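Have the structure open as you read.

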Amino acid sequence: MSQWLAVALALLSAVCLAVGTQQQGSAVADVAHGRLGPRSIPVLLRRPRWMLGLALLGVGTGLNVTALGLATVTVVQPIGVVALVITTLLHARHRRLRINRRTWTAIGLCTAGGAVFVTCAVAVTDPAQGISQWAEHTVVVMLVVLTCVLGVSAAMFGRSLGGTFYVVGAGILYGFVAVLVRLTLIRIQGSAGSPLDDVNWLAVGTAVVAAVLGGWFVQTAFAAGPPDLVIAGLTVIDPMVGVLLGMLVLGEAVPGFSVPLGVLMAAAGGVAIVGVAVLSQHHPEVLERRAELARQDRAQAGPGSSAPHPAAPDRPAHDRPGRHA
């Protein structure tokens, strides 16, 4: 029963995260104009829309943490795909964009894949299974290394990295953070003395640093593309990381976990990934940007010139000129 309550809380979390993401994404796009820098932060802090988005993201995170206290990472994290649907609809309304057929298909694939994945995850995971200290230490060490690598890469090569790097990086970081949040809650709930006696503060500190870095990555990605494309990447990468860690490192899979169920979960995840790929190519704002870039390239080339120059390698994929599908 607690697993299904966790699913309900995760759904409410997805709604808050979707609305908050759309609000923050549109505010960042108005301020950053393709590149987010430290000087943009004070400006964003004075934008009511950005602050509203921050508050909603805080509420959504709180609901997600509560859900993680009731169910496994494998069950809770994939439900975030619902946020993709809501964000897409909100962003299209905000920009007055007409959602095309392939965008609806992509949304359907993401939603169907996520629904099947969650249904299977509820059946094959057990939130009551104990977590070893070795598993927790392994996750912490992996996250420390990952945070250092991503942070140094962003600091050294930030100007040449496209939005995809920041979306993927944030999704991976958030997947690890979700796992450490659950491990911390397990320690608090199982403590024989004060609730904080058994907390691994190294894990808490690592999760906080990773969450802050992931938040910066998300804001940077907002400046480079539509918020629904950003959340599309997050809602696929985040749960995949959480599921892999939960089943391979934390041992959340029940003894009766079978190969056919594993194949079905993998197929459902694959369907969701295909949905994200279709959305990244056929989202109406992506098509609009491509058309605008193509017009700019033709104008720069002048009459009698050859075809437009290809996009620079570091330009995000959704910003590259191409044909409308």
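Helices here are DSSP runs of H or I with at least four residues, strands are runs of E with at least two, and both are numbered from the N terminus.

Before going further, some ground rules. This is a predicted model, with local features needing pLDDT of at least 70 and side-chain atom pairs counting only at pLDDT 80 or more, while totals for chains, interfaces and linings use all residues. Residues are numbered from 1 along each chain as its sequence is written, and side-chain values use heavy atoms, leaving out hydrogens and water.

Axes are lines fitted to C-alpha atoms, for helices over the stretch in contact, and angles run from 0 to 180 degrees between N-to-C directions.

| Pair | Axes come within | Crossing angle |
|---|---|---|
| α8 (residues 163-189) and α10 | 7 Å | roughly 40° |
| α9 (residues 201-224) and α10 | 8 Å | roughly 140° |

That angle makes α9 oblique to α10. α8 and α10 are oblique to each other as well; the cut-offs are under 35 degrees for roughly parallel, over 145 for roughly antiparallel, 65 to 115 for roughly perpendicular, and oblique for the rest. α9 also passes α10 in a right-handed crossing.

**Who touches whom**

Contact means heavy atoms within 4.5 Å. On the α8 side, the residues meeting α10 include V167, G171, Y174 and F176, and their partners in α10 include V230, L234, I237 and D238. This contact has 12 nonpolar, 4 polar and 1 charged residues. Ala, Val, Leu, Ile, Met, Phe, Trp, Tyr, Cys and Pro count as nonpolar, Asp, Glu, Lys and Arg as charged, and the others, Gly among them, as polar.

From α9, V218, A221 and F222 meet P227, V230 and L234 in α10. That contact is 6 nonpolar residues, with no polar and no charged ones.

**α10 itself, and the chain around it**

α10 covers residues 227-249, and its 23 residues reach 32 Å from first C-alpha to last, close to the 33 Å expected (1.5 Å times one less than the number of residues). Of those 23 residues, 20 are buried, i.e. under 20% relative accessible area with a 1.4 Å probe, protein chains only (exposed is over 50%, partly exposed in between). Just past the helix, G251 takes a positive phi of about 70°.

Zooming out, the protein chain has 12 helices and 0 strands, and 48% of its 325 residues count as buried.

Notes
Left-handed = near helix turned anticlockwise from the far one by under 90°.
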